[in-house]
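Dear colleague,

Please find below the structure that I am handing over to you. My notes on it follow directly after.

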Amino acid sequence: MATCYVANFLEKRRGWNHHKSCIAAIAISLLVHIGFYETPAVDSLLYVSKEIHFRFQADKYSAWIGMLSGYGMTKVNEYMQWAYLGEAENFKAKWCQRISGLGLIAIWYFFFGSIQDKYVYNPIHPFIFFIPVFGYLMIRNSSRYLTECHSTALEFFGKNTLETYVLQFHVYMCKNVQHIPIVIPGSGPDGEPMVKFANMILCGVVFVSLAVLARKITISTQLSVVELVKEVRKACGGKDKDGDQEVEVKSLLKAENGGEVEMSDKKDTDTKV
């Protein structure tokens with residue numbers, strides 16, 4: 001948000017063009033990241049917890065890489081239209097993209113991913129994590145067929161990713177985030193492999209079920225808050241922005257159901273899901 005504010009300030013207040021203001025804002029963001037994460041200032045996170053200190057540093061440049069990627073999406077979209085949206089797919093572009101994607105993944109694995117010692121790999125992870133991600137994206141978007149297909153399992157976990165991330169620290173992991181709860185007797189470190197596997201599956205099922213429930217509760221709470229704010233505005237005599245409310249409710253319903261949601265016009269308040 002701060003980066004977007006800086007870009008908007010430079011464009012609207014200083015009269016810079018769009019591209020110049022975006023590049024400047026992204027560069028300033030990088031300097032802020034370096035000034036915090038690459039100096040003793042990062043140790044201030046230890047006052048919160050050692051876990052936060054570690055987690056923040058493990059992904060310290062992921063947000064910045066995301067902003068840089070977002071800025072470059074215009075050019076990526078132009079390339080995708082040229083390569084794949086014509087009468088026929090560009091054969092050379094398609095296979096060059098696939099080979100390049102495989103090459104990025106191979107480079108990451110042979111030089112970094114194959115490192116067994118996590119204490120050696122973890123410090124370099126923030127600087128190289130995007131290499132296999134970009135490689136995967138290049139392969140994933142190398143044809144219309146691959147782009148239009150998706151994994152149902154990954155879609156399911158993707159919809160619940162926030163809840164699984166948060167609840168893993170409260171439900172699934174224990175003992176300094178190094179172990180999972182022992183529910184089935186005999187599934188400790190010295191237990192039989194099959195018993196430990198059964199314990200892992202049981203804990204996983206409970207964990208994922210709670211994550212799905214938490215997501216549904218979150219969406220329901222958001223819908224309730226939206227309706228409450230709407231009623232409060234009416235009670236206070238304020239103008240109700242039906243269009244904004246409709247769009248917001250539509251987005252929340254779509255997130256809750258994971259499918260298309262058709263909204264009727266403003267005169268008809270019925271919602272079709």
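The notes below begin with the chain as a whole and then turn to individual residues.

This is a predicted model, in which local features need pLDDT of at least 70 and side-chain atom pairs count only at pLDDT 80 or more, while totals for chains, interfaces and linings use all residues. Residues are numbered from 1 along each chain as its sequence is written, and side-chain values use heavy atoms, with hydrogens and water left out.

The protein chain has 13 helices and two strands (DSSP runs, H or I of at least four residues for helices and E of at least two for strands, numbered from the N terminus). Of its 273 residues, 23% count as buried (under 20% relative accessible area; exposed is over 50%, partly exposed in between, with a 1.4 Å probe and protein chains only).

Glu163 lies in helix H11, residues 161-172. Glu163 is buried but has no salt bridge (a side-chain nitrogen of Lys or Arg within 4 Å of a carboxyl oxygen of Asp or Glu). Its nearest side chain of opposite charge is that of Arg215, 4.8 Å away (Lys and Arg count as positive, Asp and Glu as negative; His and the chain ends are not counted). Leaving aside residues up to four places away in sequence, Glu163 touches Ala211, Ala214, Arg215 and Thr218 (heavy atoms within 4.5 Å).

Val183 is located in the loop between H11 and helix H12 (193-235). Val183 counts as partly exposed because its relative accessibility is 49%.

With kind regards
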